[in-house]
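I opened this structure for a first look and kept notes as I went. The entries follow the order in which I looked things up.

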Amino acid sequence: IWRHKLMIPTLKHVRLKEYGYLPVGLAVTSGTVSYEAGRFYVSVVVDIDEKSKYNNDLEAIYQPTGEGVGIDLGIKDLAIVSDGRTFKNINKSSKVRRLEKRLRRMQRQLSRKYEFKKKKGGITATASANIDKQKLKVQKLYQRLNHIREDHENKAIHEIVKQKPRFITVEDLNIKGMMKNRHLAKAVAAERFYSFLSKLKRKAEIIGIEMRVADRFYPSSKTCHACGYVHKGLKLKDRVYICPQCGYTADRDFNASLNLRDAKEYRIA
Ligand SMILES: [Zn+2]
């Protein structure tokens, strides 16, 4: 691998369109070329010595000594952290909404093109070419949306671990049960939670941050963070927590994140 090209034995030299993503000067043990939405991608496996400079640097940078945090995952926002930070749900941004609308329109156009081809009773070359063109358009936009979502997630995770908290406590979400849910919105949310949590866990593992999962029955949302009262009457639509016992008032999800941070019963993920 060079900065701007790589050698693939069957293809010889191949120019890279984007630089800086592949490691230069390391022993490559294998590689994969893939194709998605009109573009080629290459990924490689390299050997890195455990005691190498790269890993030592990582350890030096990340010494998790900061205060532990609790994170509440939500529908309205992606994540609410007990240190007061909130990460937005990118799917609610106007940009993503606009692109999703465009995607739906393009998908409808694609299915109309299929219908047209069927009606004409088989294969006209133009109809097929038009379908292929439209398909690629749909794939490209779909991929772009995915990249926006992934990028947003990665940035949020980076911001969270950057503070080097000693531990991160999250809820024990019944994601598998949620995914089977008939409500599309809930199934979609479950998928998002799942992807966010597994990424966060992987990142925490690398850095040495303890990842805690609060007990399944711990009422993180219903407990008052000030006095410990469990507000059984709190409804899902109540966005503000008002304690009937002591009057403590806080954003519902922020209150939950504080309780998660201070949870005494948890397992280590
Ligand atoms: Zn209270």
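Entry 1: I began with Cys227, which counts as partly exposed because its relative accessibility is 34%. I use buried for under 20% relative accessible area, exposed for over 50% and partly exposed for in between, with a 1.4 Å probe and protein chains only. The model is predicted: local features need pLDDT of at least 70, side-chain atom pairs count only at pLDDT 80 or more, and totals for chains, interfaces and linings use all residues. Residues are numbered from 1 along each chain as its sequence is written, and side-chain values use heavy atoms, with hydrogens and water left out.

**Entry 2: the zinc site.** Which residues coordinate the zinc ion? I found Cys224, Cys227, Cys243 and Cys246, each through SG, at 2.3 Å. Donors here are N, O and S atoms within 2.8 Å of the metal (3.2 Å for Na, K and Ca); water is not among the atoms, so sites may look incomplete. The spacing of the donor residues in sequence is C-x2-C-x15-C-x2-C. Cys227 sits in the loop between β9 (210–214) and β10 (240–242), and Cys243 in the loop between β10 and β11 (249–251), 16 residues apart. Helices (H or I, at least four residues) and strands (E, at least two) are DSSP runs, numbered from the N terminus. Cys243 is buried, at a relative accessible area of 3%.

I then checked the geometry. The four donor atoms subtend angles of 108 to 112° around the zinc ion, so the arrangement is tetrahedral. Four donors count as tetrahedral if all angles lie between 85 and 135 degrees. The ideal angle for four tetrahedral donors is 109.5 degrees.

**Entry 3: the largest nonpolar core.** A nonpolar core is a set of buried Ala, Val, Leu, Ile, Met, Phe, Trp, Tyr and Cys residues joined through side-chain atoms within 4.5 Å. The largest one has 25 residues, and Ile71, Leu73, Ile160, Ile168, Val170, Phe196 and Leu200 touch the most other members. At least two residues each come from β5 (69–73), β6 (77–81), α3 (125–162), β8 (167–170), α5 (184–207) and β9. The largest share, seven residues, is from α5. Another core, of ten residues, lies apart from it and includes Met106, Val138, Leu141 and Leu145.

I listed the contacts of Ile160 (heavy atoms within 4.5 Å). Beyond its neighbours within four places in sequence, Ile160 is in contact with Ile71, Val81, Arg85, Phe87, Pro165, Ile168, Phe196 and Leu200.

**Entry 4: helix α5.** Buried residues in α5 include Phe193, Phe196, Leu197 and Leu200. Their cover includes β5, β6, α3, β8, α4 (175–179) and β9. Just after α5, Gly208 has a positive phi of about 95°.

**Entry 5: Glu67.** Is Glu67 buried or exposed? Glu67 is exposed, with a relative accessible area of 62%. Glu67 lies in the loop between α1 (53–61) and β5. Its C-alpha atom is 7.6 Å from that of Phe167, 100 residues apart along the chain.

**Entry 6: the whole protein.** I ended with the totals: six helices and twelve strands. Of the 269 residues, 32% count as buried.

Conventions
Tetrahedral: all angles 85-135°; square planar, octahedral: opposite > 155°, others 65-115°.
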